[in-house]
Amino acid sequence: MKYSALVIPTLRDAPADAEVASHILLTRAGFIRRQAAGSYHWLPLGMRVLAKVQRIVRAELARIGAQEVLMPVVQPAELWRRSGRWDVMGAEMLRLADRQNRDYCLSPTQEEAVTELFGRTVGSYKQLPCNLYHIQTKFRDEIRPRFGLMRAREFIMKDGYSFHLDERSLDETYADMYSCYAAILDRIGLRYRAVEADPGAMGDNDSHEFHVLAAAGEDRLAYSPASDYAANVEKAEAAAIADDAEVEDLAKVPTPGVKTIEDVAAFLGVEQRRCVKTLIVHATGSGDHLALAALVLRGDHKLNEAKAMRLNGVRRPLVFATDDEIHAALGAHAGSIGPIDIPLPLLVDRSAAELASFVCGANQDDYHLVGANWQRDVGTDFQTVDIRNVVEGDSAADGSGPLRFMRGIEVGHIFKLGAKYTRALNVTVQDAAGQDTAPIMGCYGFGVSRIVAAVVEQWHDDDGIIWPEAVAPFAVHLVALNNSRSVAVQSTAEDLHEQLEAGGLEVLFDDRDERPGVKFADADLIGIPHRITIGERGLKEGVVEYRRRDAATMEKLSPSMTVRRLIDR
């Protein structure tokens, strides 16, 4: 393919709104162009990369027996009302009406659509398990689109869904999808981690995210260097450490005007880790009475809201009680609340539950208790849970050693849905006994356009992109210097172009009438893995210059040897 025949609008300077390497380089190298906030045109080079990513995705999905379909991007509101999500998806869902004033949305995800499709087309257990996927444009009205393709409003995604009669079958497909995503990322050539994750609003059960490791990643991941344990901080757990402190006598002390953990610890001369904080949240309940629950953490720890709102009895989304609500229920204000004799369901983080002696609110304004002990003063009427954020140095939940942190770009997410959507949409199949049963589902998302940005975040240097061969727009960049003025250069370049393509290689032939510096700068910026430079001086010695994009030095080889090396690599 000749450079002069392609639209490759490279730029010298970074766009003003670009903050991360992938956004800067994909724009400067002519792969994408911004249309509006969070919306991008894909140009010819970008389309070639996208096609290669999709080819790998489809090949690995075919390997495990997944079947490709294509579902509409515009979905009727009725489907979402039946699942109960029309009113809870929030402002990220872009809603519209047709000329008959019927409500629709632009698809942010496909659980409802695929469940309805399955219900209309599959009726027997003999057709299960069934694993369907499609690759399609999605739209989520991000409040703050940023980082180019990494946090776009419009993006290309692979949605996959499987249907099963039992958990064993779902576990098998879940494992297949886990290995499939790992194989995709291995083939592309990325450093990544699969981590335990919170399924969020989509699911209810097991969940794993696949993260490409990069400093620009929006997600913070906790991992153990001594084991395979890794989790998103929304899910990460730490092992509780037993407290060797002496049990003290309980005493009630005045703390006038002292409310925060920092102030309480300073006022009483104790460490923050020796205090507990009690947070009051809305709970699930019936009737008009406001139901509340108490969450208790160690004073030096922070609440993990994603964990908290997945607890049984806690309302979703998480709502903190107001000071007036707290006072009406407990007779004291926030800052003086504690777990002893509190007339609410008590959910205690396990690190706090290990404390042998602690400071807490006395449930009376301007008073705290010192020397409190769980067994003696609270008893057994509480539930030990994991509701805190892990911190550097915590021991990993698997006991392998201290946790460390890294940043990742989420490119894949697999989780189990149970029968949440099949029951909501009244979808059943007949089992072997002829009984109607609601299948259980798995869900498997993969960010096709986001993976392009993730590749660039890992594969670049100060001069531009360094594409791994599996997804590079071309395999070889053929740079002809002063070819319009040299018959020898032009002839050799044309001959090499023909031989390389005949050998099955995709070649970008820079035939432009540009200065060598411009051509070299563009070649580094675009980042094709192999470069051949043809110039008059080299041809007089019978050689061309060969250089890998990720190598610091170039080699001088004969044209025929260069062709053989590249074709036989």
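Ala, Val, Leu, Ile, Met, Phe, Trp, Tyr, Cys and Pro count here as nonpolar, Asp, Glu, Lys and Arg as charged, and the others, Gly among them, as polar. This is a predicted model, in which local features need pLDDT of at least 70 and side-chain atom pairs count only at pLDDT 80 or more, while totals for chains, interfaces and linings use all residues. Residues are numbered from 1 along each chain as its sequence is written, and side-chain values use heavy atoms, with hydrogens and water left out.

**Exercise 1.** Describe the lining of the largest cavity by residue class.

Solution. 
- Step 1: A cavity is a set of points, on a 1 Å grid over the protein atoms alone, where a 1.4 Å probe fits but cannot get out; a pocket is an open set with protein on both sides within 12 Å along at least five of seven lines; lining residues have an atom within 4 Å of a point.
- Step 2: The largest cavity has a volume of about 50 Å³, volume being the space filled by probe spheres set on grid points joined across faces, edges and corners.
- Step 3: Its lining consists of Met150, Arg151, Gly217, Glu218, Asp219, Gly408, Ile409, Glu410 and Arg450.
- Step 4: By class, the lining has 5 charged, 2 polar and 2 nonpolar residues.
- Step 5: Strand β20 (residues 404–418) gives the most to the lining, with 3 residues; helices (H or I, at least four residues) and strands (E, at least two) are DSSP runs, numbered from the N terminus.

**Exercise 2.** Characterise the second largest pocket.

Solution. 
- Step 1: The volume of the second largest pocket is about 300 Å³.
- Step 2: Lys277, Thr278, Leu279, Ala334 and Gly335 are the closest to its centre among the 20 lining residues.
- Step 3: β14 gives the most to this lining, with 5 residues.
- Step 4: The lining divides into 13 nonpolar, 5 polar and 2 charged residues.
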